[in-house]
Amino acid sequence: MSPLNANPPGPGTAPETAAPARGDTAAGGGGAAGAGATDAGATDAGAAAAGVAAAGVAALERAGLKAAVRERVHAHRDELLALSRRLHAHPETAFEEHRAAAWCAELLRDHGYTVTAPAHGLPTAFTATTGSGPVTVALVCEYDALPGLGHACGHNVIAAAGLGAALGLAPHADRLGLTVRVIGAPAEERGAGKALLLDAGAFAGVDAAMMVHPCPVEVADFRSFALGTLAVRYTGRAAHPSLNPHEGRNAADALTVAQVALGLLRQQLPPNWRVHGITTAAGTAPNLIPDTATAEYEIRASAAEDLAQLRTRVEDCFRAGALATGCEVELTRPEPDYLDFRSDAGLLALWRANARALGRPEPVESGPFACTDMGNVSHVLPAIHPVLDITGGACAPHEPAFAEAAVSPEADRAVLDGAVGMAWTAADLAAGHAGAAGR
């Protein structure tokens with residue numbers, strides 16, 4: 001039987017060998033003259049034996065608490081799956097997640113959490129806290145949907161799993177040595193909500209942060225691209241294309257020159273650097289030289305350091321378009337950069353062990369894929385972002401079929417496994433902190 005599911009002695013009950021060990025050590029410390037070294041050795045041995053005994057009790061008690069945490073999560077199964085489906089049925093896009101944030105906050109408040117909503121200057125963000133232990137763990141919940149696709153990225157699963165971990169830990173937080181902070185983070189798809197929350201202090205005092213994400217494959221050591229956004233606006237001079245074309249400055253041509261330059265640039269970019277975008281305006285009629293052209297672009301690279309280099313090269317292409325056509329160009333960043341996600345090795349080891357105990361599929365190794373503002377958090381404090389297989393590769397996020405998969409039985413299992421896995425990982429982290437403090 002897994003020790004995580006064992007039925008240990010009750011809290012505070014020592015193994016039968018603990019007391020004799022301490023007694024034997026005490027009896028060995030004789031009081032004869034000249035035996036100071038022996039006494040010192042006996043004292044050291046006694047302390048070591050007592051420490052071993054205490055560690056054994058703590059391990060058994062933690063196993064019992066972890067079993068209780070799992071039972072607590074499953075006791076809330078119906079609530080959690082109902083929340084997942086409710087979010088899925090009422091998708092809200094970035095910074096518009098008013099109902100989603102309210103429903104999540106309400107559930108936490110109903111179960112004893114102290115809730116602040118809205119939080120940190122964002123109308124659809126919230127924080128919720130319980131426990132007073134020395135280790136503070138942030139459980140991060142996303143709940144924004146995709147325009148036109150609903151929850152085709154499965155953020156309903158993310159929110160329900162995060163709340164499930166929170167409800168599982170709540171009654172046991174103090175005994176585990178935890179302060180649990182739930183962070184409701186809007187606008188992951190567009191807007192970099194976590195970067196904004198990070199700057200506003202939402203993660204201040206947090207020792208570790210975690211979340212899970214549904215996916216077509218199981219990956220523990222998730223890695224993402226760094227992503228930057230770029231808004232482009234060319235301003236030229238309107239003119240008639242046959243009467244006085246020489247007086248015009250064609251903004252659409254400026255954008256065309258830039259796009260040709262970008263196409264040529266791609267030949268020299270490293271394999272994991274990406275440039276892609278759309279034209280949002282380039283004239284209104286064929287008999288008018290356009291004086292305005294706009295575009296939206298995204299750039300991606302394996303690491304934040306590479307992203308800065310890529311941005312410089314891409315912006316130079318847009319400046320070239322302005323130079324070639326006599327137009328002016330304005331380049332702006334609509335949102336903060338999304339940094340590459342970097343898993344914390346210690347937290348990741350705890351998650352792997354717990355996922356294995358839950359019977360999750362064996363994770364595969366993967367290079368970076370997708371982007372997330374959780375990457376920004378991982379650059380500041382220890383974090384993990386495991387992805388849980390809900391489709392077996394049949395479809396991927398941002399596809400209509402994935403929206404359907406986000407309320408499948410496999411997605412429901414991901415909610416519960418994700419909740420228990422994160423709660424167990426938080427418990428193990430606190431235990432490690434207590435053990436280090438004891439040494």
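Let me begin with Cys-141, which is buried, at a relative accessible area of 0%; buried here means under 20% relative accessible area, exposed over 50%, and partly exposed in between, with a 1.4 Å probe and protein chains only. Please bear in mind that this is a predicted model, in which local features need pLDDT of at least 70, side-chain atom pairs count only at pLDDT 80 or more, and totals for chains, interfaces and linings use all residues. Residues are numbered from 1 along each chain as its sequence is written, and side-chain values use heavy atoms, without hydrogens and water.

To continue with the cysteines: the structure holds zero disulfides, a disulfide being a pair of cysteine sulfur atoms within 2.5 Å. For Cys-141, the nearest cysteine sulfur belongs to Cys-104 and lies 6.0 Å away. Cys-317 also counts as buried, at 8% relative accessibility.

Cys-104 brings us to a helix pair. Cys-104, Leu-107 and Leu-108 in H4 meet Ala-159, Leu-163, Ala-166 and Leu-167 in H5, where contact means heavy atoms within 4.5 Å. By class, this contact has seven nonpolar, no polar and no charged residues; Ala, Val, Leu, Ile, Met, Phe, Trp, Tyr, Cys and Pro count as nonpolar, Asp, Glu, Lys and Arg as charged, and the others, Gly among them, as polar.

Finally, I turn to Thr-130, which is found in strand S2, residues 126-130; strands are DSSP runs of E with at least two residues, and helices are runs of H or I with at least four, numbered from the N terminus. Thr-130 is buried, with a relative accessible area of 15%. Beyond its neighbours within four places in sequence, Thr-130 is in contact with Gly-112, Tyr-113, Ala-170, Leu-178, Thr-179 and Val-180.
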